There are 2 protein chains.
Amino acid sequence: METTLRKDVIVACIQFEPIVGSVAANREAMERQIRAAQAGGASIVVLPELADSGYVFEDENELAAQASPVPGGATSTLLCNLSRELNIVVVSGLAERDGDAFFNTAIVCGPDGFVGKYRKLHLWNEEKRYFRSGDLGLPVFDTPLGRIGVAICYDGWFPETFRQLTLNGALLVCVPTNWVPMPGGDLQPEPMANVLHKAAAHSNGVYIACADRIGTERGQSFLGRSVILGPTGWPVAGPASADRAEIIFAKLELGAVAAGRRLSVFNDLISDRRSDVYG
Amino acid sequence: METTLRKDVIVACIQFEPIVGSVAANREAMERQIRAAQAGGASIVVLPELADSGYVFEDENELAAQASPVPGGATSTLLCNLSRELNIVVVSGLAERDGDAFFNTAIVCGPDGFVGKYRKLHLWNEEKRYFRSGDLGLPVFDTPLGRIGVAICYDGWFPETFRQLTLNGALLVCVPTNWVPMPGGDLQPEPMANVLHKAAAHSNGVYIACADRIGTERGQSFLGRSVILGPTGWPVAGPASADRAEIIFAKLELGAVAAGRRLSVFNDLISDRRSDVYG
């Protein structure tokens, strides 16, 4: 299916500090910043992973007190109503409750409300104690702005994630994230997370918009440095600071993505794949 | 199969300028520098792509005059004899003739002579006019130093390359290369080639040793900046200069590769893969 591409797509990534245990305050912060991003011209807004719940749970009860159904729960309803009211696409991480199971989920909402959801496939560290692994594969979503995919944080350590989304037609991958320092040294001079996403944007020829959180929660620090990468792999906005709440904006040329993959007269990043060798 | 790992593996990457049309002089330069690398302590030596032939051919006749069988041809025999004499592993790019076909090939030689060869899977730009695409898949090679894989230049634009080699047990991927500037801007502040290989080393938890050429040939410039990346993705040697002949050396801890992939108590970069989703 071909998607129609608007020429004036501006994406915004919201970098802020969700507070664990303060779901109502987090929702207020999300709403305030989504309105600010839209006022700044954004037609698609990306928020961090687990933006409504915070990240470092004391125990499952703390998570249970904040997680909500997707769609239909309080966070989903807020975001879908905002998307409708403001005529934008919103992609946000949130804590999902599904019966007695919990997922580290991203919701996609658009001008017509709920579009779909993605459940994080690759769980990081103690997330494995609280969340079930994603069971919805790697869906892509057709929005009025074009086809998009979603990946969450540690998903980006697996190049298969971006490859699958690209092969399924995503022109932009939205990445709600809570990046933490890597063992063995990081930040030389940028976080390895930024390196991984530059490489993924370049080798797939796609836009990638990463919205990270900031702050330190129960001893766990987060990296900030939200960034929007163009299909060449180089930033078109950011990286943002390591420690300040900010919104970064970039204009996307989604209609130029396919042409950008033709690196020479003889080469195309997608058709040059040797699927006979590696599938 | 488990390979025995020596503790004192030093890899060297030789960065130099092959001269197109001067295959005898190139072989002399290769021999001189392999001896220098071994004298500097190297037990495995990597040379650039097409190190014996140069890169920008005027026509097929010019390539034909320089290409030789692998093994058995002049370059292969030189490299295998040197590997035996010096008790080292050599991985080098060279122009291969096979009947009336040509391949952009890398040879692997060890203390017992010829080990194997790899034929570049992903051909760049006008290479498609002269060379056939690789037809040997992505082999790994068991050497006295451990299991290694080989990728050549544009192969590195396809994350599947490093993933397959890693899943097949390579602890070190040797990359003979002739990196050229990417369209749409590069060098911000490092070549995208360096970014791609950092990401590949990190996300697979493997060593990657890239030996690039320097110089400008018939208007085509090359990037230099040879680099040896550790399994964290960060350089353990280099990047080398953009324009000087150099040899860079790094000591490898091949026995620590598997442990390095365990990024947390709950995580392992290989077993965390969601092969149920993407194969």
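Trainee: Okay, two strands pair if DSSP finds at least two bridges between them. With that in mind, which residue in β3(A) is the bridge partner of A:Ile44?

Mentor: A:Val89 is the bridge partner of A:Ile44 in β3(A). Keep in mind that this is a predicted model.

Trainee: How many bridges join β2 and β3 of chain A, and do they run parallel or antiparallel?

Mentor: Three bridges link β2 (residues 44-46) to β3 (residues 89-98) in chain A, and the two strands run parallel.

Trainee: What holds strands together in a sheet, in general?

Mentor: Backbone hydrogen bonds do the pairing, and the strands can be parallel or antiparallel.

Trainee: Back to chain A then. In what order do the strands of its open sheet come?

Mentor: Six strands make up the open sheet of chain A, in the order β5-β4-β3-β2-β1-β14, with mixed pairing. At the edges you find β5 (113-119) and β14 (246-252) of chain A, each pairing on one side only. Ignoring direction, neighbouring strands are turned by 30 degrees against each other on average.

Trainee: Which strands does helix α1 of chain A lie across?

Mentor: Helix α1 (residues 23-39) of chain A lies across β1 (9-15), β2, β3 and β14 of that chain, and runs at about 150 degrees to β1(A). Then there's helix α3 (residues 74-86) of chain A, which lies across β3, β4 (101-110) and β5 of chain A at about 10 degrees to β4(A).

Trainee: Over to chain B. What is the strand order in its open sheet?

Mentor: In chain B the six strands of the open sheet go β5-β4-β3-β2-β1-β14, and the pairing is mixed. Its edge strands are β5 (113-119) and β14 (246-252) of chain B, which each pair on one side only. From one strand to the next, the twist averages 30 degrees.

Trainee: How many bridges join β3 and β4 of chain B?

Mentor: Nine bridges, between β3 (residues 89-98) and β4 (residues 101-110) of chain B, and these strands run antiparallel. One of the residues to look at is B:Glu96, whose bridge partner in β4(B) is B:Phe103.

Trainee: What packs on that sheet?

Mentor: Helix α1 (residues 23-39) of chain B does, touching β1 (9-15), β2 (44-46), β3 and β14 of chain B, with its direction at about 150 degrees to that of β1(B). Helix α3 (residues 74-86) of chain B lies across β3, β4 and β5 of chain B, at about 10 degrees to β4(B).

Trainee: New topic: the contact between the chains. How many residues does it take from chain A and from chain B?

Mentor: It takes 50 residues from chain A and 50 residues from chain B. The two chains bury about 4300 Å² between them, with 65% of that on carbon and sulfur atoms. On the chain A side, A:Trp234, A:Phe266 and A:Tyr278 lose the most area to chain B, together 17% of what that side buries.

Trainee: And what about cavities, how many of 30 Å³ or more are there?

Mentor: The count is three. The largest cavity has a volume of about 170 Å³. Its lining has 19 residues, and A:Pro159, A:Ala199, B:Pro159, B:Ala199 and B:Ser203 lie nearest the centre. The elements giving two or more residues to that lining are α5 (159-167) and α6 (192-204) of chain A plus α5 (159-167) and α6 (192-204) of chain B.

Trainee: How does the lining of the largest cavity divide into nonpolar, polar and charged residues?

Mentor: There are 13 nonpolar and six polar residues in it, and no charged ones.

Note on methods
Residues are numbered from 1 along each chain as its sequence is written. Chains are lettered from A and ligands numbered from 1 in the order in which they are written. This is a predicted model: local features need pLDDT of at least 70, side-chain atom pairs count only at pLDDT 80 or more; totals for chains, interfaces and linings use all residues. Side-chain values use heavy atoms; hydrogens and water are left out. On a 1 Å grid over the protein atoms alone, a cavity is a set of points where a 1.4 Å probe fits but cannot get out, and a pocket is an open set with protein on both sides within 12 Å along at least five of seven lines; lining residues have an atom within 4 Å of a point. Grid points are joined across faces, edges and corners, and a volume is the space filled by probe spheres set on the points. Helices (H or I, at least four residues) and strands (E, at least two) are DSSP runs, numbered from the N terminus. Ala, Val, Leu, Ile, Met, Phe, Trp, Tyr, Cys and Pro count as nonpolar, Asp, Glu, Lys and Arg as charged, and the others, Gly among them, as polar. Axes are lines fitted to C-alpha atoms, for helices over the stretch in contact, and angles run from 0 to 180 degrees between N-to-C directions. Contact means heavy atoms within 4.5 Å. Buried area is the accessible area (1.4 Å probe) that two parts lose on being put together, summed over both.
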